[in-house]
Amino acid sequence: MRLKTSLLKEPKHILCHRKKHELVSCVGWTTADELYSCSDDHQIMKWNPLTSETTRVVKLPDDIYPIDLHWFPRSIGGKKQSHAESFVLTSSDGKFHLISKLGRVEKSVEAHCGAVLAGKWNYEGTALVTVGEDGQVKIWSKSGMLRSTLAQQGSPVYSVAWGPNSEKVLYTSGKQLIIKPLQPNAKVLQWKAHDGLILKTDWNSVNDLILSAGEDCKYKVWDSYGRVLYSSQLHEYPITSIAWAVDGELFAVGSFNTLRLCDKTGWSYALEKPNTGSIFNISWSVDGTQLAGACGNGHVIFAHVVEQRWEWKNFEITLIKRRTMKVHNVINDAEDSLEFRDRVIKASLDYGYLVVSTSLQCYVFSTKNWNTPLIFDLKEGTVSLILQAERHFLLVDGGGLYLYSYEGRLISSPKYPGMRTDILNAQTVSLSNDTLAVKDKADEKVIYIFEALSGKPLGDGKPLTHKTEIVEIALDQKGLTSERKIAFIDKNRDLYITSVKRFGKEQKIVKIGTMVQTLAWNDTSNILCGIQDTRFTVWYYPNTVYVDKDLLPKTLYEKDGSEFSKNPQIVRFVGNQITLRRADGSLVHLNISPYPGILHDYIRASRWEDAVRLCRFVKDQTLWACLAAMAVASKDMATAEIAYAAIGEIDKVQYINSIKDLPSRESRMAHMLLFSGNTQEAETLLLQSGLIYQAIQVNINLYNWDRALELAVKHKTHVDTVLAYRQKFLEDFGKKETNKRFLQYAEGV
């Protein structure tokens with residue numbers, strides 16, 4: 001990925017009477033193709049990068065030197081405005097000005113002593129924050145009335161940003177960064193971020209990460225707790241500007257004659273050295289395909305993101321121009337070129353399909369035939385996320401979630417209360433063939449689960465709730481709908497797994513890993529991989545936790561992960577190849593054993609003999625353990641017995657043998673459930689089948705004395721048996737009876 005930059009031959013911001021190039025202080029996009037810029041020559045200019053046209057909007061009074069500009073947000077309360085109508089402009093005379101799109105100054109407000117160094121609207125457009133040389137941080141209403149002074153300090157505040165929910169404000173204070181909630185008495189977070197003055201900061205609403213740029217010639221990436229995730233090398237000059245792309249996947253860094261494109265984890269994709277002077281301000285367009293920079297030498301630089309790459313199996317696709325993609329098949333070296341009517345905004349390649357969204361349409365290509373794409377029009381335009389499953393794909397834009405089939409038919413459009421689609425990304429949404437899961441931003445502990453085909457909430461309609469905040473979610477891709485599992489990582493970096501379908505009974509959420517940084521499900525079988533602390537781990541059969549918990553450690557594959565450096569991310573898990581991206585941006589490919597995948601296929605087709613044959617051929621304990629768990633899950637006792645014997649679990653082999661000798665099918669089923677630790681279900685099954693005595697005996701064997709007595713009394717049978725067992729139990733331990741209920745019934749018998 002790199003930036004394709006363009007500069008006009010002559011700068012447009014010039015002071016007429018002095019023929020001097022004046023620095024451009026700020027830029028801001030209204031639509032994806034229209035940019036406004038302000039400069040020390042007191043002019044506001046309008047740019048169209050497509051046609052390279054520039055027009056002067058207005059000349060401000062000579063005492064106004066602009067410093068910062070921010071357009072009023074476009075989406076307010078779900079209602080989309082097609083373009084921004086007004087902007088706030090802060091200036092060196094201590095005022096901020098609300099200016100309409102046509103250049104009329106609607107209102108000027110005295111805000112600070114000395115220059116107003118930055119002004120930002122919150123995401124809803126209900127409040128404006130300004131900061132100044134006087135060290136004050138002030139919150140204003142939409143119409144420019146002062147609501148509160150959030151902070152006062154001794155040094156100038158150079159930059160400010162709103163938190164993702166517009167409930168906190170991040171601002172600079174010398175070398176410190178400070179996060180202050182709007183609620184009074186809430187905890188303020190403050191930390192030393194740089195060794196020099198911090199000049200710019202930005203906070204992204206999608207990934208919740210913070211950027212800072214300083215006079216110490218470094219830029220850094222932080223999480224919202226103030227932990228550093230990335231710190232750059234020393235640059236030659238101070239970093240004067242930094243900005244997130246809207247979707248939080250990329251950010252741009254500006255310095256003297258320097259423009260850099262970086263990944264959200266900090267490493268750099270590309271470095272440009274344009275002749276711009278210092279770049280004082282960077283603004284990304286709404287669709288995240290291009291950015292503009294305000295240059296110290298009077299220029300405005302435009303940069304387009306090109307050469308993004310998508311890979312899947314033997315295909316490699318590159319965006320070579322705004323509207324052209326190149327397809328490369330690495331097996332036979334065949335190349336195809338794909339042309340689009342408008343510029344490409346987002347694309348995704350998976351499951352044999354390439355889905356491309358442009359500014360107005362969506363294209364679906366099959367990898368078998370690149371010549372005839374399926375094309376349909378988009379309502380909203382700016383698609384922020386594309387997710388694919390085997391049978392359909394999901395488009396996310398500012399208006400909602402839309403599920404389409406690969407034939408281009410709209411299948412469903414799920415909704416949930418308080419939906420904000422602009423802040424969803426691949427970590428917080430997951431799609432499988434029959435299910436869609438979305439992590440809510442309003443309550444971070446909740447996952448909404450929908451039926452893909454109808455768009456209705458799954459089961460009883462209640463969302464899945466966890467005890468702590470959830471960070472990342474992922475649905476498995478294969479198997480029956482009734483067995484669909486979701487894996488998620490919470491704030492403490494613990495990995496949990498649970499079943500998506502919950503019929504009334506509370507499904508267990510089981511912890512299967514700790515300190516998990518990243519995870520991914522396999523695309524063809526339900527194998528999960530993740531990086532756990534410093535170890536790379538593959539859960540060959542995560543369902544084991546519901547079948548035989550003690551077996552789980554035996555079904556894992558672990559490998560030392562120190563070669564992947566700090567904070568690696570799993571990019572994809574296709575077939576038996578896993579692609580990881582290290583913290584420095586390099587890709588590492590890992591191959592795991594193909595046998596567990598083959599075993600999963602055999603089990604899905606109920607080919608038990610083949611499965612046993614495969615395990616005997618491979619002679620691997622892990623594989624036998626997986627087979628044992630799969631056999632118990634599918635209630636295939638003969639296979640389970642062979643597999644448990646192979647891994648030396650003799651006690652379980654004996655128990656399975658004892659089950660086989662039971663006379664009725666119901667009691668065999670019940671003991672199978674007991675084997676997996678589902679005592680409640682086993683008891684219910686026995687009672688429904690009328691096997692009262694067995695249900696009582698099960699509770700006696702488990703020393704659930706109260707429940708055994710309760711059943712005996714309720715069904716008026718075998719009360720004496722329960723009392724006799726209890727008597728013998730107490731005698732063995734030399735104890736006296738103290739339980740009132742047992743004493744009461746002992747008198748009656």
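**Exercise 1.** Describe how the axes of helix α9 (residues 692–701) and helix α10 (residues 705–714), which come within 8 Å and cross at roughly 165 degrees, are oriented, and state which residues make the contact.

*Solution.* The model is predicted, with local features requiring pLDDT of at least 70 and side-chain atom pairs counting only at pLDDT 80 or more, while totals for chains, interfaces and linings use all residues. Residues are numbered from 1 along each chain as its sequence is written, and side-chain values use heavy atoms, with hydrogens and water left out.

Step 1: helices (H or I, at least four residues) and strands (E, at least two) are DSSP runs numbered from the N terminus, and axes are lines fitted to C-alpha atoms, for helices over the stretch in contact, with angles from 0 to 180 degrees between N-to-C directions.

Step 2: angles over 145 degrees count as roughly antiparallel, under 35 as roughly parallel, 65 to 115 as roughly perpendicular and the rest as oblique, and α9 and α10 are therefore roughly antiparallel to each other.

Step 3: their crossing is left-handed, a term for a near helix turned anticlockwise from the far one by less than a right angle, clockwise being right-handed.

Step 4: contact (heavy atoms within 4.5 Å) is made by A695, I696, N699 and I700 of α9 with W705, R707, A708, L711 and A712 of α10.

**Exercise 2.** Carry out the analysis for helix α6 (residues 650–660) and helix α7 (residues 665–675).

*Solution.* The two axes come within 9 Å and cross at roughly 160 degrees, which makes α6 roughly antiparallel to α7. The crossing of α6 past α7 is right-handed. On the α6 side, K652, Y655, I656, I659 and K660 meet R668, H671, M672, L674 and F675 of α7.

**Exercise 3.** Classify the ring pair of W244 and F251, and state whether these residues are buried or exposed.

*Solution.* Rings of Phe, Tyr and Trp (its six-membered ring) pair if their centres lie within 6.5 Å, with planes under 30 degrees apart counting as stacked, over 60 as edge-to-face and the rest as tilted; the structure holds 32 such aromatic pairs. The centres of W244 and F251 are 5.3 Å apart and their planes stand at 70 degrees, so the pair is edge-to-face. Both residues are buried, meaning under 20% relative accessible area, where exposed is over 50% and partly exposed lies in between (1.4 Å probe, protein chains only).

**Exercise 4.** Locate R74 and relate its position to that of E85.

*Solution.* R74 is found in the loop between β8 (66–71) and β9 (75–76), and is buried, with a relative accessible area of 18%. R74 and E85, eleven residues apart in sequence, are 8.4 Å apart in space, C-alpha to C-alpha.
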